[in-house]
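Open the model in your viewer and keep the selection panel at hand. The stops below say what to select and what is there.

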Amino acid sequence: MAENRTIPTAKSVPEFLGQISDSKRKADCITIFSLFLILLVWRTPVLSQETVQHDRVHPGFSERVEERERMVKKGIAGYPYHPVKDPLVLQAMRRVPRHLFVPKEYRKLAYRNSPLLIGHNQTISQPFIVAHMSELLELEPEHRVLEVGTGSGYQAAVLGELCNHVYTIEIVVPLGRKAEKLLKELGYNQVQVRIGDGYEGWPEAAPFDRIIVTCAPEKIPQPLLEQLAPDGRMVIPVGRQFGTQYMVEVTKDRKGRISQKQHYPVRFVPMTGKSEE
Ligand SMILES: C[S@@+](CC[C@H](N)C(=O)[O-])C[C@H]1O[C@@H](n2cnc3c(N)ncnc32)[C@H](O)[C@@H]1O
């Protein structure tokens with residue numbers, strides 16, 4: 001074979017050319033296959049090394065399980081305009097005992113798909129909104145997540161079901177203290193609560209892969225944009241208290257360039273503190 005290839009006779013030229021094109025085809029195939037492999041490795045996200053522990057033992061987790069299941073089926077996965085599809089978010093919504101985050105007088109209503117009063121003129125958000133904002137964040141277990149507006153602590157608990165590093169800030173002192181105590185009792189040890197003005201973010205813990213804001217500023221606070229990591233994502237309601245507010249998704253690319261996408265109109269309590277100045 002080798003001799004035929006090196007010294008082709010007139011007769012064997014077509015055979016020789018056939019061999020060349022055979023081996024050329026093989027080489028081409030190998031090159032294309034190698035390029036394909038390189039592309040595959042390059043585009044495949046590195047699989048998360050971390051997992052979130054769900055071995056919480058508080059009896060509240062086994063109470064009212066069927067009501068939570070119905071809430072998820074009808075009001076979240078079955079929400080007519082924006083059904084939430086992320087299975088991990090749906091699982092988190094099934095797990096967290098919302099009735100423990102609302103005042104006793106509203107516990108009966110805890111699994112309706114509506115916001116409820118939690119005192120100090122503040123509210124716990126509608127379950128659909130909690131789930132949809134969590135879905136928009138595209139969370140991974142290893143993400144560092146900042147929440148502005150702890151309120152009852154419910155959204156922080158949902159985040160605690162999805163990732164291992166949650167930082168949440170509340171400006172109303174008794175709300176922040178109460179939420180911190182409940183989150184500890186329920187076993188959300190990876191959620192850190194701070195009392196303060198979330199407009200400023202949490203500089204010592206920054207940068208954050210994800211930021212979620214559950215009160216509405218008129219403009220996105222600059223410190224939050226700065227504390228968002230490259231490749232980061234923020235979900236925030238923006239607009240005036242009695243005007244139109246929109247759910248906004250902010251992304252920062254690897255080079256630090258910011259883009260925004262406006263989703264549906266919403267109604268959130270205003271961001272107080274420095275945001276109002
Ligand atoms: C709709 S409620 C939050 C709901 C909460 N995420 C939950 O799951 O219960 C909005 C919260 O944002 C808080 N808030 C308003 N302005 C704030 C600010 N500048 N910094 C931190 N929290 C703020 C309010 O006190 C209120 O508790």
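Start with the whole protein chain, a predicted model. Next, colour by burial. Of the 277 residues, 38% are buried. Now switch to contacts. Among those with a separation of 6 or more, 56% join residues 24 or more positions apart.

**Stop 1: helix 5**

Select residues 127–137, which form helix 5. How many of the residues of helix 5 are buried? Eleven of the eleven are, so helix 5 is largely enclosed by the rest of the structure. Show the side chains. The buried set runs through Pro 127, Phe 128, Ile 129, Val 130, Ala 131 and His 132, and also takes in Met 133, Ser 134, Glu 135, Leu 136 and Leu 137.

What covers the buried residues of helix 5? Helix 3, helix 4 and helix 6 (154–162) are part of the cover. Strand 6 (208–213), strand 7 (228–239) and strand 8 (245–252) are included too.

Then step just past the end of helix 5. Glu 138 sits there with a positive phi of about 50°.

**Stop 2: the nonpolar core**

Stay in this region and select the largest nonpolar core, which has 63 residues. Highlight Met 93, Val 145, Ala 157, Val 158, Leu 183, Ile 211 and Val 235; these touch the most other members. Helix 5 gives the largest share of this core, with seven residues. In soluble globular proteins, nonpolar side chains tend to be buried together.

Centre on Val 158. Leave out residues up to four places away in sequence, and Val 158 touches Ala 92, Met 93, Val 96, Val 130 and Ser 134.

**Stop 3: helix 4 against helix 6**

Select helix 4 and helix 6 together. Their axes lie 9 Å apart and the packing angle is about 125°. The two helices are therefore oblique to each other. Their crossing is right-handed. From helix 4, pick Leu 88, Ala 92, Met 93 and Arg 95; from helix 6, pick Val 158, Glu 161 and Leu 162. These residues make the contact. Colour them by class: five are nonpolar, none is polar and two are charged.

**Stop 4: helix 3 against helix 4**

The crossing is right-handed.

Which residues meet across this contact? On the helix 3 side, select Arg 68, Glu 69, Val 72 and Ile 76. On the helix 4 side, select Leu 90, Met 93 and Arg 94. The class count for this contact is four nonpolar, no polar and three charged. Met 93 deserves a label of its own. It meets helix 3, takes part in the contact with helix 6, and is listed among the core residues that touch the most other members.

**Stop 5: Ala 156**

Go to helix 6 and select Ala 156. Is Ala 156 buried or exposed? It counts as buried, with 29 C-beta neighbours inside 10 Å. Set aside neighbours within four places in sequence and show the rest of its contacts. They are Glu 147, Thr 150, Val 166, Thr 168, Ala 179, Leu 183 and Val 191. Leu 183 is also one of the highlighted core residues. Then draw a distance from Ala 156 to Ile 169, 13 residues apart along the chain. Their C-alpha atoms are separated by 9.9 Å.

**Stop 6: backbone details in the loops**

- Arg 64 lies in the loop between helix 2 (13–43) and helix 3. Its phi is positive, about 55°, although Arg 64 is not a glycine. With 18 C-beta neighbours inside 10 Å, Arg 64 counts as partly exposed.
- His 120 is in the loop between strand 1 (116–119) and strand 2 (122–124). Its phi is also positive, near 55°. His 120 is exposed, with 12 other C-beta atoms within 10 Å.
- Pro 207 is in the loop between strand 5 (191–195) and strand 6. Select the peptide bond from Ala 206 to Pro 207: this bond is cis, with omega near 0°.

Terms used: Residues numbered from 1 in each chain as written. Predicted model: local features only at pLDDT ≥ 70, side-chain atom pairs only at ≥ 80, totals over all residues. Left-handed = near helix turned anticlockwise from the far one by under 90°. Helix = DSSP H or I, 4+ residues; strand = E, 2+ residues; numbered from the N terminus. Contact = placed C-beta atoms within 7 Å. Nonpolar A, V, L, I, M, F, W, Y, C, P; charged D, E, K, R; others polar. Core = buried A, V, L, I, M, F, W, Y, C linked by C-beta atoms within 7 Å. Buried ≥ 20, exposed ≤ 12 C-beta atoms within 10 Å, placed from the backbone. Axes fitted to C-alpha atoms, helices over the stretch in contact; angles between N-to-C directions. Parallel < 35°, antiparallel > 145°, perpendicular 65-115°, else oblique.
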